[in-house]
Amino acid sequence: MDTLAKIELLGEAARYDLCDPCSIRPTEITRWLHSVTQANGHHMTLFKVLQTNICEKDCAYCVNRSGRDTPRTSFSPEELARLFDTLYRRRLAEGLFLSSGICKNPDFAMERMIATVEILRQRYGFEGYVHLKILPGASEAAIEKAILLAQRVSLNLEAPSSKRLALLAPSKAFHKDLLTPLLTANRLRYRLAPKVSLTSQFVVGAAEESDQELLQTSAWLYRQLRLARVYYSAFQPIPDTPLEGHPPTPLQRERRLYQASFLLRDYGFLPEELVFDEKGNLPLLQDPKLAWALAHPERFPIEVNTASLEELLRIPGIGPKAAQKIIRRRRQGTLRSLDHLGLAPASLQRVAPFILLTGKRPPLQLSLWKTAFLNASMNPSAFYVPATRPA
Ligand code: SF4
C-alpha cells in the first residue's frame, strides 16, 4: 500500500479520537489535516493519524476492532516521521496527533508510536506540538517515555464505570487497563514534566449510560487528576460491528455534555447541582446553566456591582472571561447600565433577566426575555425575579 493510501486509511480511522478544544474541522487542503484552536486561543493545523489500524481488541463500537472486514495497514516509525517532517516543512501541518490500534500488545504498539516521535525530535529536530495517545494497558515505562516526548497525552476511558465499559469493550478491564494507566500518567507528568497536559474521552450513548454518570466521572477526573479536558464523542453506528443497529446519539446531547462539563471545570459547579431528568440526562432543549438558574429563583437577581466572582459565574450568559471583565470594569466605576458590562449583545440578552444594576433591574425588553427563555421549555412568567435580593 503506498503512503497516500495509508494516509487515507489511517487518517480516516483517527477521526474518532478527539483532540484540542473547539471544533475539529478538516481544512480544505486535505481530509487528514485538522484545524484546531487550543485553550490559549492559538490556532494550529494538526496531522491526526494512526500508526496502525491493526488491533487485537474487539471494542463493540470501533471501526478498527479485530475481526472486522476492513483493509489493515501500518506506518513504520521512519516512514511516518519522514511524512510528518515533509508536511511540517511545507507548512501544511504544525503539530502531530498520534494514536494507534493495539497491535500485538499495548507496549509493542506504544513503542512504535514513541519511536516515531523520537525520530521526529532527534533526527528532524522537530520541537513543536505532539499529542500522544496512551494505549489501554500500557506499562509505566511506556507512559513515562510518552510524557517525556509530548506536550499532551491522553487515555480514553470510553465509559464512566466498569459496568458500562463491559457493554462497550468486554476485553478491556476498566481499572487495570484504563484507570490505572491514567493515574500513572497523572503521577508521572507532575513528577517529570508538569507542563504536559492530560485528557480523556467518553463514547456517549452506546452503553445506556446517563449524562449524570458521565458527568460524575468527569467531575472526579477534573478534581482528582486536573484533566485539561474531557471529550464526549456521540456514538455513531459503524457497519459490521456489534452495535451497527444501535441508534446514533444526537449531537445535541454531546453539546449539552460539553456545556455541563465546562460548568464543572471552570464555573465551580458540582455534578449534583446540575438539572437532570428522571433518567439522569440533561435537558436537550435547555442550556444546563440556564436550567440551573431557572430551578433556583432564590439565587437571583444578582447585584453585579457587589457580586463575588463565584456569584457572577452563576449568571447565565457570563463566563470566566466576562466575569473577570466585569470585575475590572467595576474598579473603574459603578456599573449602571447594560452597556457598562462590556458584553456582546447576545450575552446581554441572556444576562439581563438575572441581574441588578445599582439595585435596579435593567430595562427589560420583551425580546430579551424571549431570547433568555428560548427553548426553556417553561413559561417565563413562572420564573419570578424579585425586584431586590431577598434578605
Ligand atoms: S483498542 Fe482502540 S483501536 Fe482497538 S478496537 Fe478498541 S477502541 Fe478500537
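Analyst: Start with burial. A residue is buried if 20 or more other C-beta atoms lie within 10 Å of its own, exposed if 12 or fewer, and partly exposed in between. Keep in mind that this is a predicted model. Now take helix α1, residues 3-13. Its buried residues are K6, I7, L9, L10 and A13. They pack against β3.

User: Which residues of helix α4 are buried?

Analyst: First the general idea. An α-helix has 3.6 residues a turn, so residues three or four places apart point the same way. Helix α4 covers residues 140-149, and A142, I143, K145, A146 and I147 are its buried residues. Those residues pack against α3, β5 (130-133), β6 (152-154) and α6 (174-192).

User: How many helices and strands does the protein chain have?

Analyst: There are 13 helices and ten strands. The chain has 391 residues, and 42% of them count as buried. Look at contacts too. Among those between residues at least 6 apart in sequence, 65% join residues at least 24 apart.

User: Now strands. In which sense do β2 and β3 pair?

Analyst: Antiparallel, over five bridges. Strand β2 spans residues 33-37. On to β3 and β4. Strand β3, residues 43-50, pairs with β4 in the parallel sense, again over five bridges. V49 stands opposite L98 of β4, and K48 stands opposite F97 of β4.

User: Is β4 mostly covered or mostly open?

Analyst: Mostly covered: five of its five residues are buried. Check each face. G95, F97 and S99 lie on one side, L96 and L98 on the other, and all are buried.

User: How do I read a nonpolar core?

Analyst: In soluble globular proteins, nonpolar side chains tend to be buried together. Here the largest nonpolar core has 99 residues. A146, V153, L168 and I355 have the most contacts inside it. Helix α3, residues 106-122, gives the largest share of this core, seven residues.

User: Where does this core lie relative to domain 1 and domain 2?

Analyst: Between them. Domain 1 (3-273) and domain 2 (288-382) both give residues to the core, so it lies between the two.

User: Zoom in on I355. What does I355 touch?

Analyst: Leave out residues up to four places away in sequence. I355 then touches P301, I302, V304, I315 and P362. Click on P301 next. It is found in the loop between α9 (288-295) and β9 (302-303).

User: What should I look for in the backbone?

Analyst: Most residues other than glycine have a negative phi, and most peptide bonds are trans. The peptide bond from F300 to P301 is cis, with omega near 0°. For phi, go to R91. Its phi is positive, about 60°, although R91 is not a glycine. K104 is another case: its phi is near 70°, a positive value in a residue other than glycine.

User: Where is R91 found, and is R91 buried or exposed?

Analyst: R91 lies in the loop between α2 (77-89) and β4 (95-99). It counts as exposed because it has 8 C-beta neighbours inside 10 Å.

User: And K104, buried or exposed?

Analyst: K104 is in the loop between β4 and α3. It has 12 C-beta neighbours inside 10 Å, so K104 counts as exposed. The cut-off for exposed is 12 or fewer.

User: Which residues are around the ligand?

Analyst: C55, K57, C59, C62, N64, R65, G101, I102, P136 and A169. Sort this shell by class. Six residues are nonpolar, two polar and two charged.

User: What does T241 touch?

Analyst: Again, skip residues up to four places away in sequence. T241 touches A60, Y61, C62, R65 and R68. C62 and R65 are among the residues around the ligand. T241 and C62 are 179 residues apart along the chain, yet their C-alpha atoms are separated by 7.2 Å.

User: Where is T241 found, and why does T241 count as partly exposed?

Analyst: T241 is in the loop between β8 (229-234) and α8 (251-266). It counts as partly exposed because it has 19 C-beta neighbours inside 10 Å.

Methods:
Residues are numbered from 1 along each chain as its sequence is written. This is a predicted model: local features need pLDDT of at least 70, side-chain atom pairs count only at pLDDT 80 or more; totals for chains, interfaces and linings use all residues. A residue is near a molecule or strand if its C-beta atom, placed from the backbone, lies within 6 Å of it. Ala, Val, Leu, Ile, Met, Phe, Trp, Tyr, Cys and Pro count as nonpolar, Asp, Glu, Lys and Arg as charged, and the others, Gly among them, as polar. A nonpolar core is a set of buried Ala, Val, Leu, Ile, Met, Phe, Trp, Tyr and Cys residues joined through C-beta atoms within 7 Å. Helices (H or I, at least four residues) and strands (E, at least two) are DSSP runs, numbered from the N terminus. Domain bounds come from an automatic or database domain assignment. Two residues are in contact if their C-beta atoms, placed from the backbone, lie within 7 Å. Two strands pair if DSSP finds at least two bridges between them.
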